[in-house]
Structures are given as C-alpha cells and as structure tokens.
Amino acid sequence: MEFAELIRTGQAQAELLRGPEEPPLRGTLCITGHHLLLSPEPQATPDLWLLLLRNVDSIEKRVAGDSGTITLRCKDLRVLQLDIDGVEATLDIARSIEALSSLESVITSFPFFYRPKGLRLGDAWHFHPPECYYKRVARETNAWRLSEANEDFSLCPSYPRAVIVPRAVDDSALARSARFRQGGRFPVLSYYHAPSGTVLLRAGQPLTGPQKRRCSEDEELLRGVLAGARPGARGFIVDTRSPQAAKQARMTGGGTEAKAAYPGWKRLHRPLERGRPLQESFVHLVEACGDVEQSMDRWLNRLESCRWLSHVKETLSTACLAAQSMEQEGACVLVHGADGTDSTLLITSLAQLILDPLSRTMAGFQELIEREWIQAGHPFQLRCAHSAFSHARPKHEAPTFLLFLDCVWQLGRQFPLSLEFGEGMLLALFDHAYASPFGTFLCNNEKERCLCEVRTRTHSLWSGLSQPKEQRKLRNPLYVPNPLAIWPSAEPQSLRLWQGLFLRGTRPPEPSEVAWEKVWQIVTDQEKTEGSQPTDSASEPRP
Amino acid sequence: MEHIRTTKVEQVKLLDRFSTSNKSLTGTLYLTATHLLFIDAHQKETWILHHHIASVEKLALTTSGCPLVIQCKNFRTVHFIVPRERDCHDIYNSLLQLSKQAKYEDLYAFSYNPKQNDAERLQGWELIDLAEEYQRMGVPNSNWQLSDANRDYKICETYPRELYVPRIASKPIIVGSSKFRSKGRFPVLSYYHQSKEAAICRCSQPLSGFSARCLEDEHLLQAISKANPANRYMYVMDTRPRLNAMANRAAGKGYENEDNYSNIRFQFVGIENIHVMRSSLQKLLEVNGTKGLSVNDFYSGLESSGWLRHIKAVMDAAIFLAKAIAAESASVLVHCSDGWDRTSQVCSLGSLLLDPYYRTVRGFMVLIEKDWISFGHKFSERCGHLDGDPKEVSPVFTQFLECVWHLTEQFPQAFEFNEAFLLQIHEHIHSCQFGNFIGNCQKEREELKLKEKTYSLWPFLLDDQKKYLNPLYGSQSQKSAVLEPNTVSFNFKFWRNMFHQFDRTLHPRQSVFNIIMNMNEQNKQLETDIKDLESQIKQRKNKQTDGILSKELLNSVRPESPALKATLSLKEQTLLPVNDVLRTIEGSSPADNRYSEYADEFSKAEPAVVSLEYGVARMTC
C-alpha cells in the first residue's frame, strides 16, 4: 500500500489539549493510513482514536524551541490541538497528515477498509431503491410508471437506474426530453402527495439556448403530468434562480421554460444562493463563531453579514411555497435551477418533510436522504471536499446539504414532537457527509458508485446508524406521530442559529446534554411505570 | 364610566400583524370599564386590559374602514378596522382616557375582586415575609443587626422600615452617611452569604462632587468590610459607565474616591441609564414589528437597538458581583445614581447566581419583594401606571426578567420555574390587577392602604404553580451550585416568546415543556397507583390467603394504564379546524383565569395546518 510512503513519522510523543477545564492528555501519537490515534501514557488506558484523517480540513503548525504545536481544524467543525515533542517530529507529522488527508482516490478511502464487528457487507444497501418508493406511489395512482430507460446511465449519469415518470410517456420520449435538459435530467417524480393527488417533480434546466429551442417530448411529458393528476390541473414551475439569471443562462445554452410552450404551467422565480457564495457564507459564519472575545455588536453584525440565516429563510419559505402550492392550491410542482442537483433537491426534500408524515420518521428520513440526495445525484464528493476551515481555493464546494440539515433543525425546533429523529441524527449526517467510515456519501452519483462498487465493498451508514447503542443519541424521545403537514414560520424572529453545530468548537454543551438525558429518563420512566405491575414480593403474604 | 361613549361596535375586523395578505377576523368589539373585548365569529375572545395599553393610534381612513392600532405593554399589538369613522373616533378617545389614569384609586386593583374574604386577602399578603427571609440568610447575627433608624421613614423615604446594617455602625454614623448619599439611600444589607460571611450591600451615589467627603460614610463602609471576618477589602461597584459618573460630579454627586476610603476596590461596570434603555427597547420594537422583515434587517436592527448589549452588560455586572463573593469572600457595595434601577438589577441577579433558593418559585417571589419592591424600585413610574412623565418609563424590570430567562436557557435544570412564570410576572407588573407593583416605594404603598384594598399576586401564582414548574429542575449539580454563566456574545438571543408572545404565527406550535410535565406527573401518579395497589394486595392477602383474588385485582387494574396513555396522546393530537388557526390573538380575561388561558396557549401541542403566506396569494392572481 502506498500509504507507507506518505507517512514520514509513524509515531511521536505528544500532548492533547482538551480545553480549559480538563488537563491535557499525554501519550504516543500514531499515524496510520487513515487515522490519527493517541496511546495515553499509563498503558492500561485504551488508545484514543482521535480522528479520521479525511476529516482534517486544515493544519496549522507552529514550532518553538524543541517542540511544536499542531492545530487540526476538522470538517465537522471541531478543533484539535496537539503539542508534540521535537521540531522534526512536528513537521513530519504535519506533512504526513497533510498528504494523507487530501488523497483524492475514492477506492483507497477508509470505507473500503472499514470492517466493523456486527455488521455484514451489503446490509441495508438495498433498503431504499427507487422501486420501494414506486410501490408506495403505485398504491395510490396508476398514472405513473417505473422506467428503466436509464439502466446503463446513458440518458443521465446522475439519475439512478430506475426513475418514476408519467405512464403516458414512453422511453424514447424520455430520451429526447433528456437531451433537452441540463445533465440529461428530464423531469421525474420526486414525491406524490396522495391527499391532493398532486406531484412534485424535479429536473435540470431546459436547454432552450439563445434560439429559444423547444422540445415537443419534454412538453408532452409535462402535459402528461397535469393530465395524470386530474382534469384541469395546473402546475407551477419553481425556478430557483432569479429571472435575470435564468435569462442569462440562455447565452450558455440553458434557459427556462417558455410560457407558450407549456400551457397550464406557470413559472415562479425564487432565487436561492448556491455555489461559491453559499460556501463563503458558511466560511464567514464559522469564522464568526470561533471568536469568543467579540462584542455583542460585532457578533450580531457578523451574523447578519454572513447571510447564512437569510439562506435558511429563503430556502424554508421556498419549500413552503412548493408544499403549499400542492396541498392548498392542488397544483403540480416542478422544481429546477440550473443543474438540478443542488437547490432543487433542497426544495423537493424539504417540501416532503413538511407534507409527508412518513418522511419524518427515522426510517422515512433515511429513505428521503437516500432517494432525494444520494440517488438523486447530489455531488457529495465535490460539494463536501472541504469544509469551512480549508485554505484551499474553493472549486465545487458548497454546503448545500448542511443548509438542508439546518432547515430540518429549524423545523424540529418549531415542531419538537413531530420528528422521530433528534438533533443528534442531523449532526451525525453532517459529520458523515464530510468524512465517514461508511460508503453512503461517497462519489457524486449512482454511476460512479457502480463503477467503484461502493455498494458491495463498503458498509452503509444506515446499517451503522441502526445499531441499538446509537439510538439514544439519534432519536427524539418526545416523538408523537403527527399526520398533518407542519408549516414552519420562516420569519427572522423564528429562526435561530444552530448552536449545536456551529458552536461545537467554542461552547461546552454539557448543560443541554444533561437536560436531554433527563428528558430521556422521564420518557423511559414513563414506559417503565406503564408497563410495570405489582412485584412478586408485594403479593406474597406476610408471615 | 363617563369616558365610554360607545360600548359595542359590530363588524370590526382584526388583522394579523404579520400576515402579508389582508386576511382578517370579523367580530364585535366591546368596551367595558376595565377591558377592551373582541369576540370573533368563532366566539373566540380577546381581552385587552386598559392598563396594558401603551399607545393607541388612529390611522388614515381606508376603503374598508378606519384602522385602529393598539400597542400594549406586554408587547401585544392589535390592528382593528372599524367600519365607521365615528365609532372609531369614539373608541379611540375612550381608550386614550381609560388607558391613562390620573389617580392610583382608579387602577384596576382597587376594583378587582377575586371573591376572597378579608382574612384570605391578608393571608395572601403575609405569604412573603421579608423578616423571615433575612433570618433564612442568617441575619441578624454577631456582625449584622436590624436597625430601627428608618422605622418612621425619617432617614430615607424610599427605603423600607426594616434595614439591616453592620452591628458596629451606630445611629449617628447612619444618619451622617444618609446625608451624604443621594435621596438618603445609605449603604444597607441586601444579601448575606452565610458560609462566606460576605455581604451584598446597596446604596445610592455619594454626594462627593469634586472633593467633598463624609467621615460617617467612610466609617459605614469600613464597618461593612469589618463585618466580614474573611476578607479585609471590599468592592464598591458603580454600575454606571465611568463618563456618566464623572458628569455627576459636576452636579455635586459622583462616586467614591479610593483615597478617602480605606480598603475599598472601586469598579465601574458600565450599565446605561433608564433613558438609553427606553429608547433601546423602542428601537427593538420598531424592528421586530416590521412586516415582511428580512433576516438582515432583523439582525442589523437588533444590533443597532443595542438591547442584547445592555442585557449582557447587566449580566456581566451580576457575574462580577457573584464572583467577588463566591471566589474572594469579599463583601460588595453596589450603587448607581439613585440606587433603585441598575442597583436592583445587579443585586438581585447576583443573589440569584449565588443562592439556589432564589431559583425556586417561592424564592423568586421573595427576591422580587426584597430587591425590587421593598427597596423602592419605582414600579409605577417605570411601568407608567399613571398618566405621568413619559421620561420616567423604562424597561428596567423587563431586562431583569430577560436576564433570568437567559440563565434558564443556559442552565435548563437549575430553575424550579419555567418561562411561563417569567412572562406571567411581566404581565402583572403592568396589569395593575394586584397591589404588589403599585406605587413607587413602601411608604407610598402604606399610604395607599394596598394591603387592605387590593390583593397580592403571589398566592394566585402559587395556586397555579403547576403551570409554572420546570419539569427538568432537579439535577443536583445545577441545583445547588453557584451559577457561572458564560457571557460570550453567542449566548444572547432574541427572546421571541416575550416580544412575540401574542403573535401566534411566529410561535413554534408544539411545546415540549408541557409534554414532559404531563409525563412526569403521570409517572408519579402511576407509581403511587402501583404502591396503592401493592398495599391493597398485601392487605387482602393478609385477610384471606386466596391467591386468586390478587390475580383478579391485578387484572382489574391493568387496563388503566393504556387508557391513560390513550388520553394523553389523544389530547396531543386534537386537531384544530383549519380556519380556527388564525385566531392568533388571545389574552387576558377580566378575572384571574388569565393564567389558565395563557398556559393553555402554551400547551396546545397542535400539529395544526396553519395558513401562512409564502407567496401563493400573489402568484395566483
């Protein structure tokens, strides 16, 4: 294995600083191909697996005298500080970490080597294929069919093998519509809202170009959608770009649906931030959250100017708009931006959480993420290559998935009883999306995952999360199934900074964790007392 | 009643404050001697106490009628549209008169009658006994004694009759010191920390000017530090910004000169004055009352209002105070200008950090009685109970409550009471429904004969205690400890449930607290049930050794628990009709059942479908 060449020093004496409250921990620091670990001095104590090297976002090294300090800033926003004996050792360790943490190759990454006890390869990978969701849809309506036109990923590399499309449209029409859409992403069903009989679709932008091209199959497809819903149904196209941006996209071959070509459909523009500005917003927010000395005014000023909460607000209210169009206006909704792999997924997945009680359960939420993010082709590898601390010039990074998790967190805060999963689940998803021993978030789309054999050679995160010992952390003890739509407030007064995530590194979370533990205790007490019966000893007659 | 020209107006519309469309509820508006009442088509009642009204505004006539905007001191804002301008004008004029009373005797408390007899009322007033509280702290003792110097309010009108001072401070020293202090408010004991033997004392600024000194005052301070055997020096905290204190010197007031007082450590902590606080709140309310507010405008507004900065300043001062006592065992003397605003904030918060007793329901009442009511925080002027000088109004007590709220957020298990308790108290400092907060000092309250003519709030809160309990209270570590809050800026948040208490569309629609509370209660209930049944079985077994009976008994009780659970979950799932949800406004009923309504508001775990506007209305047209 070529890892050995990258490891300049395998070991060094070091001291881990653990905040002002606790004493530093001394021991031997070891670097392996994927991990950094510390064997504490008294031999009896077990090794401490400090982190997955892939998790390192930036390294800062400082040497003074005959020792050095390394500060590791991680993708999950934690910060680790190590004092290392010896200048050479410090530099070597820093260089080794640098090299090992930035390996690009997918198949040498840790998930391909991770073989935990109690899990079998292949478990839970076939939990959520599109077929499962189709079965749910087919129970309600027969206007849709499962098409395997993309079996060999030839129509669209970022779609899964099977997609749900209107029954009236055949595979050849799909192929032509695919050629008319960015990335081959022709309109497919994302969610069927049974109570209103309406559907949520997603796609890439139409390639109208400066000549305002049209595609009759694409038009037919959308006509079929309305016809399948109910006679006289209307539809809304939610374009996640501003009208100007959509118009400008025509110059580069993209564009947006012309009014005349799609009767019954009405276009709405709801500009959402994406790409580099979103990444910068994330970076600025994390920067502001790292400064404990700043004054009140400075903090509020930075919270405002990073604009992160504005993005949360815009995202939530656009998702509500889509959900409301379906539930209250009885209209079908098609969402797309440019590529249809970022803000589009943000809106479709959030709209489902608002409308669909099933997606708010533990299993349903995992299914939603698998279906609407992983299989829908959100390029996790590109988007999550670096987090907020990296000094590298951002290329394709964007915290779109984090924005989704933040919005879900806001939903959970406003409806604390309606989500089966708790904050712990969202934090875990964030951590695993950026660096994980599991294969679930590897690669950018299904095609790549097939090529790398991710499904057969790595473990699925979902089987990792279903371990009984994880449940207390992940579940919401107060969950009560709620059959209704949950409409959040998107007013600035109702939104809050997600402290559990963004202040991870700066704030001791103990009191709230203790409180959480207390809630668990009360809930389990409740189950216990309800299930209990008079003890045997009490029913025995006294002598 | 001469002010009421119209008692009833029909077809009045009530607009939602934050709705972007013009959805409204239509109903009837009634004007009573004490309340404004709106009953909508669903028979939903909205009560607004006249004393809660901060301002009434009549906007320009529109096609649908004449708009009337009412802003309340509990941060409720209602927007009516009255069809006829004449009616609107009448109501407007009546409210202007009714909301500003000229005499104490016209306040609601003097006519409010919760159907209690005189004995019960008196008992209510005796519920909180400050002499008992000083005893709990451990005074009088060998170093501190009760002074009778102010028995007839001769030395200081705004202090209570009973004052605790160092044993070695003689009456001439006290009298001399009081002459050297603004409004005669000389240094007295506010809180005594028994195990550290250190004291929190309070006073007003010295009349030092540029060079004046007063030997008696210096002696009194020395007596205070001598009363603390653990530490030689004491802190003197001037809670004002240095510049303000310096400016006061020109007016013959000022601050202690360290050269004249032996063994003091002097410290400014920089809390702004009541005028700055008033305009800060004003700015904050302007920002959060804006329709269609953007996130950026909200945060820049929050920043420029300075509100959270002021909250942090008060908190920092209290922490400094608590640290001096807990870590250094040093006594602290706190003052500002007159020693009844910032001083009350800092002394009470500091004691709250130090002493877990003040974090209980009853202890918190005692704390308010002691540091705020008895030491002469001018509630009537600060809350604008009477038609008086608007420059005297200031949200000093509101800030105190907000600081406590921030503490409950940081230490979720350290307080016996919950947020609803704080909001309820805030409601009543303005309501004038009870006598506690009427008047500006004890002397005035005695002259008004409040204990004979009005009722005390505390017994009513205690009767309803259940609604105000924190189900998470009780972790030993947080319960007994000195709280050391972290005041990094991130920890200060906009208190939505205070400032948008009545804006239902901004609320989270499910409350965790009540669910946990219910569960906790059920656990306790079920446990006692089990114990009861077990003892019943025992008894029966003793009577007859027939084993079958106990089995029967067992079976007969088992079905109970699932039934209980079913009722619980049913309650949570009660669905509201879609239209009903816009009944955003709901409020204080005339009688004391205001609490119950309020708590219901909070507890409704309604997963309701709420019609919010995300832009559909605009796009469909």
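**Rings, charges and backbone**

Tutor: Let's begin with a charge over a ring: the charged end of R121(B) sits over the ring of Y455(B), 5.7 Å from its centre. Keep in mind that this is a predicted model.

Student: Thanks. And which residue lies over the face of F389(A)?
Tutor: That's R73(A), at 5.8 Å from the ring centre.

Student: Now ring against ring. How many aromatic pairs does a search of the whole structure find?
Tutor: Over all chains, the search finds 51 aromatic pairs. One of them joins F430(A) and Y434(A), with 5.2 Å centre to centre and 55 degrees between the planes, a tilted pair.

Student: Where do F430(A) and Y434(A) lie?
Tutor: Both are in helix α14 of chain A, which covers residues 423–434. They are 4 residues apart, about one turn of the helix.

Student: Buried or exposed, F430(A) and Y434(A)?
Tutor: F430(A) is buried, and Y434(A) is buried too.

Student: What about the rings of Y159(B) and F375(B)?
Tutor: Their centres are 5.7 Å apart and the planes stand at 80 degrees, so this pair is edge-to-face. The cut-off for that label is over 60 degrees.

Student: Which parts of the chain does that pair link?
Tutor: Distant ones, 216 residues apart. Y159(B) is in the loop between β8 and β9 (163–166) of chain B, while F375(B) is in the loop between α11 (361–374) and α12 (379–382).

Student: And how accessible is Y159(B)?
Tutor: Y159(B) has a relative accessible area of 0%, so it is buried. F375(B) also counts as buried, because its relative accessibility is 0%.

Student: Which residues form the aromatic cluster?
Tutor: Among them are F364(B), W372(B), F379(B), F397(B), F400(B), W458(B) and Y468(B), which belong to one aromatic cluster.

Student: Switching to the backbone: which peptide bond is cis?
Tutor: The one from V139(B) to P140(B), with omega near -5 degrees. P140(B) lies in the loop that runs between α3 (130–137) and β8 (144–147) of chain B.

Student: What phi does L77(A) have?
Tutor: A positive one, about 75 degrees, although L77(A) is not a glycine. L77(A) lies between β6 (67–74) and β7 (79–85) of chain A, in the loop. The relative accessible area of L77(A) is 3%, so L77(A) is buried.

Student: And Q11(B), what's its phi?
Tutor: Also positive, about 55 degrees, and Q11(B) is not a glycine. Q11(B) belongs to strand β1 of chain B, residues 8–15.

Student: Is Q11(B) buried or exposed, and why?
Tutor: Exposed, because its relative accessible area is 56% and the cut-off for exposed is over 50%.

Student: Where is S281(A) found?
Tutor: In helix α7 of chain A, residues 275–289. S281(A) is buried, with a relative accessible area of 4%. Leaving out residues up to four places away in sequence, S281(A) touches C306(A), R307(A), W308(A) and H311(A).

Student: Let's zoom out. How many helices and strands does chain B have?
Tutor: Chain B comes to 24 helices and 14 strands. Of its 621 residues, 61% count as buried.

Student: What about contacts in chain B between residues at least 6 apart in sequence?
Tutor: Of those, 72% join residues at least 24 apart.

Terms used: Residues numbered from 1 in each chain as written. Chains lettered and ligands numbered in written order. Predicted model: local features only at pLDDT ≥ 70, side-chain atom pairs only at ≥ 80, totals over all residues. Heavy atoms only, no water. Helix = DSSP H or I, 4+ residues; strand = E, 2+ residues; numbered from the N terminus. Buried < 20%, exposed > 50% of the residue type's maximum accessible area, 1.4 Å probe, protein only. Contact = heavy atoms within 4.5 Å. Phe/Tyr/Trp six-rings, centres within 6.5 Å; stacked < 30°, edge-to-face > 60°. Lys NZ or Arg CZ within 6 Å of the ring centre and 35° of its normal.
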